[in-house]
Amino acid sequence: MDLMFDSFPVFEANQVLTSGHLNDVFDYLDQQTRLTRSNLIGIGIVCGLEIKLDTSAGTAIRLSKGCGVTSEGYLVIEPEDVSLVSSRVYTLPADVDYQPFKDAGTQAQYSLWELFPAGEPNTTALDAAANFLDDKVVLLFLELKTQGLRNCSPNNCDDKGSEVTATVRPLLIGIA
């Protein structure tokens, strides 16, 4: 992660604060927290997050509860053990440009599959195709999506800002 903010705002008495001022403070503090995690504490699995293949009753990938730190310094937490039994093709959201998931020459996204527990509609069981898992590894991807909170009605069109939703996505990717 590169240092993006090398300055921060200082507020004065009776100063009018704008959303820009507040966002600058948040961005600076968020970056400092993530830099501390990724550069001083380290990235990777802190505890748990063990992956085991279970073929005793069908094929399942067992992911244990635990936590880790992403390469960008975000915390990833899996609060409980989960059994992942199916998958479907995963495509990066249009507003996410995550280069490690793209071929450096062509910029085409590598093949990715999101993993799901039992009961998720429109998925394929992991044991549906022979040798499907043979050349793949599991990774946890923290997907951040920004959604505008503007709620325009005939009586009120106030801008309520935006909200960022963080979703941990267990994915399969080819070893190569």
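This note sets out numbered points on a predicted model, covering its cores, salt bridges, first helix and a surface patch.

1. Basis of the note. Because the model is predicted, local features need pLDDT of at least 70 and side-chain atom pairs count only at pLDDT 80 or more, while totals for chains, interfaces and linings use all residues. Residues are numbered from 1 along each chain as its sequence is written, and side-chain values use heavy atoms, with hydrogens and water left out.

2. The largest nonpolar core. This core has 10 residues: L49, I61, L63, L84, W113, L115, L126, F132, L133 and L172. A nonpolar core is a set of buried Ala, Val, Leu, Ile, Met, Phe, Trp, Tyr and Cys residues joined through side-chain atoms within 4.5 Å; buried means under 20% relative accessible area, exposed over 50%, and partly exposed in between (1.4 Å probe, protein chains only). Two or more residues of the core come from each of β3 (60-63) and β8 (112-116). Helices (H or I, at least four residues) and strands (E, at least two) are DSSP runs, numbered from the N terminus. A second, separate core of 8 residues includes Y90, F141, L171 and I173. In soluble globular proteins, nonpolar side chains tend to be buried together.

3. F132 sits in the loop between β9 (124-125) and β10 (136-148) and is buried, at 17% relative accessible area. Beyond residues up to four places away in sequence, F132 touches S87, W113, L126 and L172, where contact means heavy atoms within 4.5 Å. W113, with neighbours within four places in sequence left aside, is in contact with S87, R88, V89, Y90, F132, K136, P170, L171 and L172. Among these contacts of W113, Y90 and L171 belong to the second core.

4. A salt-bridge network. The structure holds 7 salt bridges, each a side-chain nitrogen of Lys or Arg within 4 Å of a carboxyl oxygen of Asp or Glu. E114, E143, K145 and R169 are linked in a network of such bridges. R169 lies in strand β11 (residues 162-174) and E143 in strand β10, so the pair ties together parts that are 26 residues apart in sequence. Both R169 and E143 are buried, E143 at 3% relative accessibility. E143 also bridges to K145, with the closest N and O atoms 3.9 Å apart; K145 is partly exposed, at 38%.

5. The pair R62 and D54. These residues form a salt bridge whose closest N and O atoms are 2.5 Å apart. R62 is partly exposed at 35% relative accessibility, whereas D54 is buried at 17%.

6. Helix α1. This helix has 23 residues and reaches 31 Å from its first C-alpha to its last, close to the 33 Å expected at 1.5 Å a residue; the expected span is 1.5 Å times one less than the number of residues. Its buried residues are Y28, Q31, R34, L35 and S38, and what covers them includes β4 (66-69). G42 follows the helix, with a positive phi near 115°.

7. A surface patch. F11, L17 and L22 make a nonpolar surface patch of about 260 Å². Patches are made of residues with over 30% relative accessible area and no salt bridge, with like charges joined within 9 Å and nonpolar side chains (Val, Leu, Ile, Met, Phe, Trp, Tyr) within 5 Å; accessible areas come from the Shrake-Rupley method with a 1.4 Å probe, and for residues only the protein chains shown count as cover. L22 lies in helix α1 (residues 19-41) and is partly exposed, at 48% relative accessible area.
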